[in-house]
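Visitor: I'd like to learn how to read a structure like this one. Could you walk me through a few features?

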Amino acid sequence: MNANIQNIQKQFTQPGTNDALKIISLGSFGEVTQNMFVYEFAPQGNFSKSQIIIVDCGVGFPEEDEFGVDLQIPDTTYLEDKKDRIQAIIITHGHEDHIGAIRFVLPILGQNIPIYAPKLATAFIQERLIEAGQKARINTYDRSSIIKLDNFYIKPVAVNHSIPDTFHLSIKTSLGVFYHGSDFKFDFFPIDGKHADYEAISRIGNDENVVCLLSDCLGSDHEGFSPSEASIAQNFEYEIKTGKGRVFVTSISSNILRWKQAIEYGKRNGRKVVVVGFSVDKAIKIAQELGYIKLNKEDIVPIERIKNFRDNQLIFLVAGFAGQPTSALSKIVMGKHRIKISKGDKVIFSSPDYIPGTTSGIYKMIDNLAKMGAEVTYGKDEAIHVSGHGYQKDHALLISLLRPKYILPIGGNYRHIKAYQLMCQQLGRSDDQFILPEPDEVVTFRHNRFDTNSKISLRKVLIDGFGIGDVGATVLRDRRTLAEDGMFSVVLLVDTAQGKLIKEPVLLSRGFVFAKENQELLNLLKSEIMEKFREYVGKPMNVEFVRQKIQGHLEESIFKHTGRQPMILPLLIEV
Ligand SMILES: [Zn+2]
């Protein structure tokens, strides 16, 4: 250890005076996704002079009834008047729910905020920023790095997860160490040979005063240790080997060690690799560039050349296990892709079946693929997929090594938090050492104690298509109406000077299924509209008034006859 680092350490081991630290989750406590945590340090407890670091900056996946909304991002309003005090954004790993919001948040908080990220996450972030036409100051860290920012002294700690290059952060302040234990597991037989840094973890536990462990808790409703990535090898290869026709594998796009396995087993069984979908293509290219995957040109077959190969000579790596509507797999299932799936094909879902907001989409796709005649294999009993999250024993090990004073579970829903708490009790920890904040609560640490007395206001920030900004309640309500009852529109060509209709009304409907079966009702509505039109029209003709009246009348009449409430859009065209 050089003298410089010794000095810094000394500075940090001074007993805290009145210094304070706030921890806030801008994506809400009790959420699995949209990870974004604020560590706000106040020298002498003076928060007007605070220093802020942000850990992770990820997207969330909207609830299934938020129609057409693509993503959700953390609410950064709290930081609006503190932008100049943000010292860095530190990323733990390259999953979308930890990096995906950077491109939305950086323009709001300031393009100059330095970002610290591991190697693979750096590549993913850069890729996304280039797509968005943005630039950022990214510093890549590794196992040996130390990040020193004013009152924060941060040591990244390597752990295992479903993406290589995943880290925990030991965040040291004058109050002691706050250990940010984001998504992790301990894989004792890692297929890339990279073990978690057990030594660093136990050193922190031994040498430091660990005030609080913020810990991933998603897998804590499972007993034992989380199975190793290596444990699926045999079953996974068996599934690929026994495929008689074409074999399709889908997984989380960023899970490059899973793709590495699929490629290896495919090749060993005489199959060449076809990459289908933008996100997998991108991930595999990055993995090749960084040396995680070795793939020769002759191992790959571009989609346009697949007809030159027999079905049992190909393995397809396909994006979109979660049923995202624009993904390759969804398009294949909907028949909108040049690749068709049919009888004799095998589709292997080597992927989780639970990510909030996506579960029903996954099973819908599995059903549809089965209907198309494909043999579908999906994650049962850890045979072809293992979780990237720790189970109870992984957590028990981390807690035993770190010996934190307090524990704050993150990255899980309430049931995971409760299971985690139960496990902590079994470890002999008392409930008053367990911090269970409400979604919007601020956890404030002062010397030797904490409180959750303050709150911030958190809105849902929804991202629609490529747009940035929030989708209001009205828009969501309209989309719900459209999804449930469809749309009904009437076009009226009007001579405003004469106050009369030039043509019979034209009725159009979408997703409102009476049109064919019920010509009678359609005719009735048509004559009603003409009658009402005459009734409402005056001279001079008030187009907006007539439009509203016709809309009101149609709403009533359609509801009376069908019991449904489609969105009604009368269109008056003046000629
Ligand atoms: Zn993750």
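Visitor: Let's start where α11 stops. Which residue follows α11, and what is its phi?

Guide: This is a predicted model, so keep that in mind throughout. The residue after α11 is Arg403, and its phi is positive, near 50°.

Visitor: And α11 itself? Which of its residues are buried?

Guide: The helix spans residues 392–402, and the buried ones are Gln392, Asp394, His395, Leu398, Ile399 and Leu402.

Visitor: How should I read a list spaced like that?

Guide: Start with the general idea: an α-helix has 3.6 residues a turn, so residues three or four places apart point the same way.

Visitor: Now a helix pair. How do I describe one?

Guide: Two packed helices are described by the angle between their axes and the distance between the axes. Take α14 (residues 519–536) and α15 (residues 543–562): the angle is about 150°, and the axes are 10 Å apart. Their crossing is right-handed.

Visitor: Which residues of α14 and α15 meet there?

Guide: From α14 you have Leu521, Leu525, Glu528, Ile529, Lys532, Phe533 and Tyr536. Across from them, α15 brings Phe545, Val546, Lys549, Ile550, His553, Leu554, Ser557 and His561. Sorted by class, that contact has nine nonpolar, three polar and three charged residues.

Visitor: On to sheets. What is the strand order in the open sheet of eight strands?

Guide: Reading across, the order is β7-β6-β5-β3-β2-β1-β19-β20, and the pairing is mixed. At the edges are β7 (138–141) and β20 (449–455), each pairing on one side only. On average, neighbouring strands of this sheet are turned by 20° against each other, direction ignored.

Visitor: Can we zoom in on one pair? In what sense do β2 and β3 pair?

Guide: Antiparallel, over five bridges, with β2 covering residues 37–42 and β3 residues 51–55. Within that pair, Phe41 stands opposite Gln51 in β3.

Visitor: Which helix lies across β6 and β7?

Guide: That's α4 (residues 119–131), running at about 120° to β6 (115–118).

Visitor: And the chain as a whole: how many helices and strands are there?

Guide: The protein chain has 15 helices and 25 strands. Of its 575 residues, 43% are buried. Among contacts with a separation of 6 or more, 73% come from residues 24 or more positions apart.

Note on methods:
Residues numbered from 1 in each chain as written. Predicted model: local features only at pLDDT ≥ 70, side-chain atom pairs only at ≥ 80, totals over all residues. Pairing = 2+ DSSP bridges. Helix = DSSP H or I, 4+ residues; strand = E, 2+ residues; numbered from the N terminus. Axes fitted to C-alpha atoms, helices over the stretch in contact; angles between N-to-C directions. Contact = placed C-beta atoms within 7 Å. Left-handed = near helix turned anticlockwise from the far one by under 90°. Nonpolar A, V, L, I, M, F, W, Y, C, P; charged D, E, K, R; others polar. Buried ≥ 20, exposed ≤ 12 C-beta atoms within 10 Å, placed from the backbone.
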